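Please look at the sequence and the model below, which are the subject of the report that follows.

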Amino acid sequence: MSDFNPTILAFCCNWCSYAGADLAGVSRLQMPPNVHVIRVMCSASVKPEYVFKALSQGIDGVLVLGCHIGDCHYLTGNHRTAKRFPLAQKILRNIGIDERRLRLDWVSAAEGEKFQQVITEFVAEIKKLGPNPLREVRL
Amino acid sequence: MLMPRIGVFICHCGHNIASVVDVEKVVEFARGLPNVAFASHNLYSCSEEGLGAIRKSIEDNKLDRVVVAACTPRTHEPLFRRNCERAGVNKYLFEFVNIREHCSWIHAKEPEAATRKAMNLVAMGVAKAGLLEPQSEGESNVIPAALVIGGGIAGLAAASSLVSQGIETHLVEKQAALGGMLNEIPVVGPEMIESKDLIENYKRALECSPKAHVHLSSRVSSLSGFIGNFEATIQGGRCDEKVKVGAIIVATGGREFVPNGEYGYGSLPGVMTQLELERRLARGEIPKKVVMIQCVGSRQPGRELCSRVCCNASIKNAIRILDADPNAEASILHRDIMSYGTAAERAYKDASEKGAKFYRYGLEKIPSVKRKNGGLSVEFYDETLDELVALDADTVVLSTPILPVEDVKEIAKMLKVPVDKYGFFLEAHVKLRPVEFATEGIFICGSARWPSSVSECIAQGLAAAAKASIPIREGKVVIEPITAYSDPEKCIACGNCVLACPYEAIEIVLMDGKRKARVNEAKCKGCGNCVAACHNDAMEQKGFDTRQLAAMIDALIKNALEVSQ
């Protein structure tokens with residue numbers, strides 16, 4: 001599976017994780033080119049439906065990144081994220097999609113290195129899991 | 001319905017993007033995307049030349065939506081939006097694609113993969129752009145008054161500045177007197193200014209003005225509202241007072257960390273904190289042999305921060321002791337001396353010349369304080385000498401950090417602003433938006449932000465006052481159209497959105513006799529929490545609506561999965 005190049009989607013909140021991704025860029029931290037960021041205002045505005053849609057149509061992995069607990073720009077938005085996505089993982093497991101294809105993590109605006117680490121780890125993990133089987137079903 | 005005519009502009013950003021991403025290839029790709037009427041590239045899109053070229057393309061090609069693939073929206077979006085507006089395109093029909101921070105800079109050694117990713121990102125941006133809708137910015141009035149919480153030197157500086165600008169200002173101080181921590185520090189270094197004079201200087205500005213309302217022995221017990229229109233309850237001696245203000249400055253300051261018995265504090269006589277030494281010096285009690293230990297309770301695992309002011313406080317007090325009694329001995333055990341800037345570094349040199357001794361210790365072998373012959377002895381491992389040293393002392397001074405005030409968490413909760421792991425308030429951006437909270441209309445200054453010297457507190461107080469006065473003087477604030485709205489057709493008034501909203505911006509109201517959710521746009525901050533909480537897809541957020549995000553996902557699936565097959 002060495003030539004498998006996963007396609008990954010990441011939802012980043014405007015205030016922390018998107019800014020952390022920007023910082024990684026400014027710091028020229030290198031990472032695999034598989035992750036495509038969608039900017040949202042808060043991680044808690046990400047509907048689980050987006051994750052299900054992406055994974056059911058063949059995207060290999062989805063990241064949801066927010067502010068650290070306690071640092072949410074919208075006070076408690078990420079508390080909802082923290083509850084919502086483990087539940088989404090459970091649903092994935094129940095319908096036979098490997099729940100490791102969805103990862104929730106916290107990256108602050110000051111954590112360019114953490115962003116690099118999360119991206120690098122997640123891409124490696126997805127490479128290990130191999131292509132999303134639903135990709136074949138769809139096409 | 002007319003098909004959108006999207007213009008796509010790929011930026012070289014000099015070499016920043018173009019040295020990795022094949023810009024021309026991305027332009028070619030963009031031309032083939034749905035609804036793209038025009039695609040081109042610019043050397044620097046943000047230059048006047050680049051902006052002019054975009055405007056000309058909009059006119060020549062009758063474009064009605066614009067996508068720029070360049071750097072980050074966090075810095076450049078306002079510029080490109082304004083540019084669209086100049087060319088007659090609603091500024092919210094603009095979409096930004098980040099192919100620098102999120103692509104060329106982080107995939108510098110993989111030009112082909114970076115080019116492919118840039119194409120995917122552009123396709124996603126174009127997909128969203130096609131579904132954007134023109135928006136108009138709302139406006140709301142600003143109450144021409146300000147609230148300053150905390151009457152220490154930072155709050156005093158802020159309040160006196162606001163008052164001098166003719167702005168009605170409420171200054172709330174929990175103690176019975178203004179001045180805060182500075183009341184306990186008689187002299188401020190390195191210039192050796194009398195604190196009394198400093199406090200008086202700012203107090204006088206308040207006393208002379210009918211615009212100033214000083215609330216002593218008071219606290220802000222509740223707060224509601226948003227920029228331009230806050231309502232605070234000030235709890236004072238006899239009765240509560242409600243005030244309405246347009247902006248708020250937080251200057252709640254800090255407190256000295258009191259050691260938990262370290263170095264014999266509390267058990268050995270003569271062991272005290274730097275602030276306790278200040279009180280003794282104020283009473284004219286000059287120690288004969290003083291040893292000061294720096295970084296007690298800071299710069300160590302669990303509390304990594306440097307309090308910044310304590311090195312200079314120790315140097316100042318060593319000078320005061322040695323000036324008062326040239327035969328006295330003053331030793332400072334430090335881990336690094338942080339005498340930043342010119343004046344403080346001069347004071348450091350001064351102190352050495354007056355006879356103060358500086359020794360460096362490490363965290364692995366911290367000093368110990370013992371009783372000896374009715375006095376004290378401090379034993380430590382000197383890193384420079386590489387040996388154990390023992391110093392006799394009658395006074396051991398522990399330099400402890402400034403920590404946030406005890407009730408900081410409640411204050412943060414009331415203001416709905418974030419604090420860091422130590423409890424210091426987090427400003428919006430250290431460089432782009434200093435002294436501002438991300439929450440508009442609330443500002444921060446002084447040691448509540450991080451440990452600050454007196455001159456820094458004053459400068460920050462004045463800066464916060466200057467920023468707070470902007471909306472007050474403008475009289476109006478713009479509401480960014482990223483607010484949520486509810487579709488009454490779909491809403492079943494379950495109230496999930498009401499619970500999800502951190503700002504109490506959503507109410508269930510009667511519409512044509514039916515209960516429906518309604519968003520108060522002036523209170524909505526555009527977090528979108530209600531959108532994901534809505535079970536009936538009734539809630540949407542402007543600029544981030546469900547169709548737009550779904551289209552982005554579709555574009556990624558189409559371009560990354562289907563094309564690569």
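## A covered strand in chain B

In this predicted model, both faces of β3(B) are covered, since B:R65, B:V67 and B:A69 on one side and B:V66, B:V68 and B:A70 on the other are all buried. A residue is called buried if 20 or more other C-beta atoms, placed from the backbone, lie within 10 Å of its own, exposed if 12 or fewer do, and partly exposed in between. In a regular strand the side chains alternate between the two faces of the sheet. Strands (E, at least two residues) and helices (H or I, at least four) are DSSP runs, numbered from the N terminus.

| Partner of β3(B) | Sense | Bridges | Residues standing opposite |
|---|---|---|---|
| β1(B), residues 6-11 | parallel | 5 bridges | B:V8 and B:V67 |
| β4(B), residues 94-98 | parallel | 5 bridges | B:V66 and B:F94 |

Between β3(B) and β4(B) the chain passes through helix α4 of chain B (residues 73-86), and this β-α-β crossover is right-handed, a term that applies if, with the strands pointing away from the viewer, the path from the first strand over the helix to the second runs clockwise.

## Chain A and its side towards chain B

Chain A contains 5 helices and 4 strands, which follow one another from the N terminus as β-α-β-α-β-α-β-α-α. Its radius of gyration, taken over C-alpha atoms, is 14 Å, which agrees with the value near 14 Å for a compact globule of 139 residues under the rule of 2.2 Å times the number of residues to the power 0.38. Of the 139 residues in chain A, 60% are buried.

Chain A brings 40 residues into contact with 43 residues of chain B, where contact means that the C-beta atoms of two residues, placed from the backbone, lie within 7 Å. On the side of chain A that touches chain B, α1 (17-26), β2 (35-40), α2 (48-56) and α3 (77-94) each supply at least two residues, and α1(A) gives the most, with 6 residues. The residues of that side divide into 22 nonpolar, 10 polar and 8 charged, where Ala, Val, Leu, Ile, Met, Phe, Trp, Tyr, Cys and Pro count as nonpolar, Asp, Glu, Lys and Arg as charged, and the others, Gly among them, as polar.

## Conventions

Residues are numbered from 1 along each chain as its sequence is written, while chains are lettered from A and ligands numbered from 1 in the order in which they are written. As the model is predicted, local features need pLDDT of at least 70 and side-chain atom pairs count only at pLDDT 80 or more, whereas totals for chains, interfaces and linings use all residues.

Conventions
Pairing = 2+ DSSP bridges.
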